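Subject: The structure I promised you

Hi,

Here is the structure for you to look at. Have it open while you read, and my notes follow below it.

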Amino acid sequence: MIAAIACMFLFGQQQEGFQYKVYEDDKIKSSEFASRREALRRQMPKGSVAVLVTNPLHQRSNDTDYRFRPNSYFWYLTGCEEGDSALILAPDGITVDGKTVKEVLFVQDKNPGAETWTGVLMGAPVAKELLGVEAVVSNKKFNEILTSSKATAGELVERPQGLSETVST
């Protein structure tokens, strides 16, 4: 009987997805990260675009990953602690989903089935709320938005290595 109830609970969680919970309330505030991004944008030359990526997750053995640590520069500007993420800063703005923004964060899509085993991801709506970035989208849109920023930017640093194969290039 207890096993049946536990299965129903787990099945129900998978259908709805797990909620992303913040357990630490003493972290740096999103407004601090926003001011850091703004300070960098003010120093960037006109027509330039900054692209920062964090590291992908690396598999240790069949069902275990190495402990993840985000790229220091990326974390300093975003506070995002998830792998396969990227940030584009564009002082002159770039278009994302029909809206012109100066900063875009790319995060992994939520996958309720996998989150049982890999841990809960923020996903775009929660990342936007928690991290205070102007626009947050799926990392699957990275190449599309980066390519569109090349058309408007006079200066673009080469895309550094970092995002895993899950992101199209």
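Of the 169 residues in the protein chain, 37% are buried (buried means under 20% relative accessible area, exposed over 50%, partly exposed in between, with a 1.4 Å probe and protein chains only). The chain's accessible surface comes to about 10,800 Å², and 53% of that belongs to carbon and sulfur atoms (areas come from the Shrake-Rupley method with a 1.4 Å probe, and for residues only the protein chains shown count as cover).

A word on how to read this: it is a predicted model, where local features need pLDDT of at least 70 and side-chain atom pairs count only at pLDDT 80 or more, while totals for chains, interfaces and linings use all residues. Residues are numbered from 1 along each chain as its sequence is written, and side-chain values use heavy atoms, with hydrogens and water left out.

How confident is the prediction? The mean pLDDT of the protein chain is 77, with 73% of its residues at 70 or more (pLDDT is the predictor's confidence in each residue, from 0 to 100). Two stretches need care. Residues 3-15 stay under 50, and the model gives them four contacts beyond four places in sequence (contact means heavy atoms within 4.5 Å). Residues 156-169 are also below 50, but that stretch has 33 contacts in the model beyond near neighbours in sequence. Where pLDDT is low, the predicted coordinates should not be read in detail.

Now the layout. The protein chain has six helices and seven strands (DSSP runs numbered from the N terminus: helices are H or I with at least four residues, strands are E with at least two). Along the sequence they follow the pattern α-α-β-β-β-α-β-β-α-α-β-α-β. Among contacts in the protein chain with a separation of 6 or more, 65% are between residues 24 or more positions apart.

What sits inside? The largest nonpolar core has 16 residues, and Ile88, Val104, Phe106 and Phe142 touch the most other members (such a core is a set of buried Ala, Val, Leu, Ile, Met, Phe, Trp, Tyr and Cys residues joined through side-chain atoms within 4.5 Å). At least two of its residues come from each of strands E1 (48-53), E4 (86-96), E5 (99-107) and E6 (135-138) and helix H6 (142-152). E4 gives the most, with five residues. Apart from this core lies another one, of 15 residues, including Leu52, Val107, Met122 and Val133.

Start with H2 (30-43): its 14 residues should span 20 Å at 1.5 Å a residue, and its end C-alpha atoms are 20 Å apart, which agrees (the expected span is 1.5 Å times one less than the number of residues). Phe33, Arg36, Arg37 and Arg41 are buried in H2. They cover an arc of only 135° around the axis, which puts them on the same side of H2 (the arc is that of the directions from the helix axis to the C-beta atoms). Ser31, Arg42 and Gln43 are exposed on the face turned away from the buried side of H2. The buried residues of H2 pack against H3, E4, E5 and H5.

Then look at H5, residues 123-131, where Gly123, Ala127 and Leu131 are buried. Seen down the axis, these fall within an arc of 65°, so they line one face of H5. The face turned away from them carries the exposed residues Pro125 and Glu129. H2, H3, E5 and E6 are what the buried residues of H5 pack against. After H5 comes Gly132, whose phi is positive, near 70°.

Trp75 lies in helix H3 and is partly exposed, with a relative accessible area of 27%. Its C-alpha atom is separated by 8.8 Å from that of Phe33, although Trp75 and Phe33 are 42 residues apart along the chain. Beyond its neighbours within four places in sequence, Trp75 is in contact with Ile28, Phe33, Arg36, Pro70, Cys80 and Glu81.

Asp84 is not a glycine, yet has a positive phi of about 55°; Asp84 sits in the loop between H3 (72-78) and E4 and counts as buried at 6% relative accessibility. Asp97 also has a positive phi of about 55° without being a glycine. Asp97 is in the loop between E4 and E5, and at 58% relative accessibility Asp97 counts as exposed.

Cheers
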